[in-house]
Amino acid sequence: MTARRLRIRTRRVSPLPVGWLVVVWVALWGTLTVANVLTGLVVAVSVLVLLPLPPAHDRLAFRPWGLARFVARFALDLVLSSLRVAWQALWPGRLPRSSVVGVESATRSDLLLTLTVLALNVLPGSIVIEIRRGRPTMLFIHALGAETPASVEAARRAVVRLEARVVAAFGTREERAVSTGTPGGGP
C-alpha cells in the first residue's frame, strides 16, 4: 500500500466511529483505564484505516408519523405472532405445518430491504431463508402455520404490508412512490 493511498484512507476516518469503537473496546475489557482507552484508540483507527467500509449510497428518510405507525403495528404483530406460535406449540397431538413463501420485494434499497428482513426475522413464526437479488428481488420466507393456499397468501400479504410500513417510515419520496405505485409517494 502506497503512502498516498494510506493518506487518503486516513482522511476518511471520522471521530464518531472511532469513539464508538473505543467505547465498545473498553466495554469488552470491562475496566475503564488509560491503557484500555489508548489501546482501543489504536485498534479503532487501525480497523477503520485497514478495513474501510464501502460508501453508503442509500439514504434513509425519517418520517415520524410513518415510524409511529410502523412501531405500533410491529408491536401488535409481535404479540399476535407470539400467541399464534405458542398456541401451535401447545396444541396437543398436532404438529404445526409450514411453507416456504416467495414474496416479491418492492424496494430496491439495500437499507430498506435489510430493515424489512430484520423485522421479519424478529417476528416469531417467520424467518427469511433466502434473498434472491435481481429484477425483481425475491424474499423467501419460512412461514409457520401456512399450510393452506389461503394461509400462504395471508403470509405473503403480511410481508408486503410490513415492507410498505418500513418504506413509509424510512423511505425517500421516490421509494415511497415505487412502493405505493403512485407518483409522488402517496399519502
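**Entry 1: the sheet**

I started at I127, whose bridge partner in β3 is H142. Before going on, I noted that this is a predicted model, where local features need pLDDT of at least 70, side-chain atom pairs count only at pLDDT 80 or more, and totals for chains, interfaces and linings use all residues. Residues are numbered from 1 along each chain as its sequence is written, and side-chain values use heavy atoms, with hydrogens and water left out.

H142 in β3 also has V100 standing opposite. Next I looked up the strands themselves (DSSP runs of E, at least two residues; helices are runs of H or I, at least four; both numbered from the N terminus). β1 (residues 98-105) pairs with β3 in the antiparallel sense over 8 bridges, and E104 faces M138 of β3. β2 (residues 126-132) runs antiparallel to β3 too, joined by 6 bridges. I count strands as paired if DSSP finds at least two bridges between them.

The order is β1-β3-β2 in an open sheet of 3 strands. β1 and β2 are at the edges with a single partner strand each, so one side of each has no neighbour in the sheet. From one strand to the next, the twist averages 25°.

I then checked the turn: β2 and β3 form a hairpin with 4 residues between them, and G134 there has a positive phi of about 145°.

**Entry 2: two helices**

How do α4 and α6 cross? Their axes come within 7 Å and cross at roughly 150°. Axes are lines fitted to C-alpha atoms, for helices over the stretch in contact, with angles from 0 to 180 degrees between N-to-C directions. α4 passes α6 in a left-handed crossing, meaning the near helix is turned anticlockwise from the far one by less than a right angle.

**Entry 3: the largest pocket**

I found about 540 Å³ of space in the largest pocket. Of its 25 lining residues, S81, R84, A154, A155 and A158 are the closest to the centre. A pocket is an open set of points on a 1 Å grid over the protein atoms alone, where a 1.4 Å probe fits, with protein on both sides within 12 Å along at least five of seven lines; lining residues have an atom within 4 Å of a point. The volume is the space filled by probe spheres set on the points, which are joined across faces, edges and corners.

Which elements each supply at least two lining residues? They are α4 (64-90), β3 (137-144) and α6 (149-170). α6 gives the largest share, 8 residues.
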